[in-house]
Amino acid sequence: VQLQASGGGLVQPGGSLRLSCEASGTILRFAIMGWYRQAPGKQHELVATITTLRITNYADSVKGRFTISRDNAKDAVYLQMNSLQPEDTALYYCYYKTWGTYSEELEYWGQGTLVTVSS
C-alpha cells in the first residue's frame with residue numbers, strides 16, 4: 001500500500017487547512033486510516049483516525065477543531081483543520097492499518113506533509 005498525502009502549508013493562527021491522503025496498491029476492505037503528527041522536539045502523536053465504518057477517534061488537543069473523514073470509494077482520508085494554532089505546527093503523516101490473511105497487523109505510512117501555523 002502506498003500513501004500519497006497533500007495539503008500542508010503555511011497558515012496564520014486561526015486559519016484552516018485540509019489535508020488529503022490517497023491509498024493505492026493492494027487495498028483491503030477493512031482498514032483504519034488516519035493522521036499522526038510530529039512537532040519539532042516532540043514525540044510522534046496521534047491526531048485522528050477513522051475506520052471503514054467511519055468510527056472516529058481524536059486526540060484531545062484537536063477535538064472540536066479538526067474533522068477526519070474518508071471516501072471509501074477513493075480509498076482516501078481527509079483532515080479538515082480549523083482554528084489552527086502555533087502548537088499544531090508539525091509534520092503530519094498519513095496512516096493506514098489493516099489485517100492480513102493470518103490476522104497479522106499491517107501498517108503503512110505516507111510521507112509527511114508540513115503544516116506551519118505562524119503569523
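1. Over the face of which residue does Arg-18 lie, and at what distance from the ring centre? In this predicted model, Arg-18 is placed over the face of Tyr-78, at 4.3 Å from the centre of the ring.

2. The largest nonpolar core has 29 residues, and those with the most contacts inside it are Trp-35, Leu-79, Met-81 and Tyr-92. Among the elements that give two or more residues to this core are strand 1 (2-6), strand 3 (17-24), strand 4 (32-38) and strand 11 (113-117). As a general background, nonpolar side chains in soluble globular proteins tend to be buried together.

3. Tyr-92 deserves a separate look: leaving aside neighbours within four places in sequence, its contacts include Trp-35, Leu-79 and Met-81, and also Leu-19, Val-47, Phe-66 and Val-115.

4. The count of aromatic pairs comes to 5. One of them joins Tyr-36 and Tyr-95 in an edge-to-face arrangement, with 5.1 Å from centre to centre and 65° between the planes. Because Tyr-36 lies in strand 4 and Tyr-95 in strand 9, this pair ties together parts that are 59 residues apart in sequence. Tyr-95 is buried, with a relative accessible area of 4%, and ring pairs link Tyr-36, Tyr-95 and Trp-109 into a cluster.

5. Leu-84 lies in the loop between strand 8 (76-81) and strand 9 (90-99), and this loop residue is buried, with a relative accessible area of 0%. Not counting residues up to four places away in sequence, Leu-84 touches several residues, including Val-11, Pro-13, Leu-17, Phe-66 and Val-117. The C-alpha atoms of Leu-84 and Tyr-58, which are 26 residues apart along the chain, are separated by 15 Å.

Technical notes: Residues are numbered from 1 along each chain as its sequence is written. This is a predicted model: local features need pLDDT of at least 70, side-chain atom pairs count only at pLDDT 80 or more; totals for chains, interfaces and linings use all residues. Side-chain values use heavy atoms; hydrogens and water are left out. Helices (H or I, at least four residues) and strands (E, at least two) are DSSP runs, numbered from the N terminus. Buried means under 20% relative accessible area, exposed over 50%, partly exposed in between (1.4 Å probe, protein chains only). Contact means heavy atoms within 4.5 Å. A nonpolar core is a set of buried Ala, Val, Leu, Ile, Met, Phe, Trp, Tyr and Cys residues joined through side-chain atoms within 4.5 Å. Rings of Phe, Tyr and Trp (its six-membered ring) pair if their centres lie within 6.5 Å; planes under 30 degrees apart count as stacked, over 60 as edge-to-face and the rest as tilted. A charge sits over a ring if NZ of Lys or CZ of Arg is within 6 Å of the ring centre and within 35 degrees of the ring normal.
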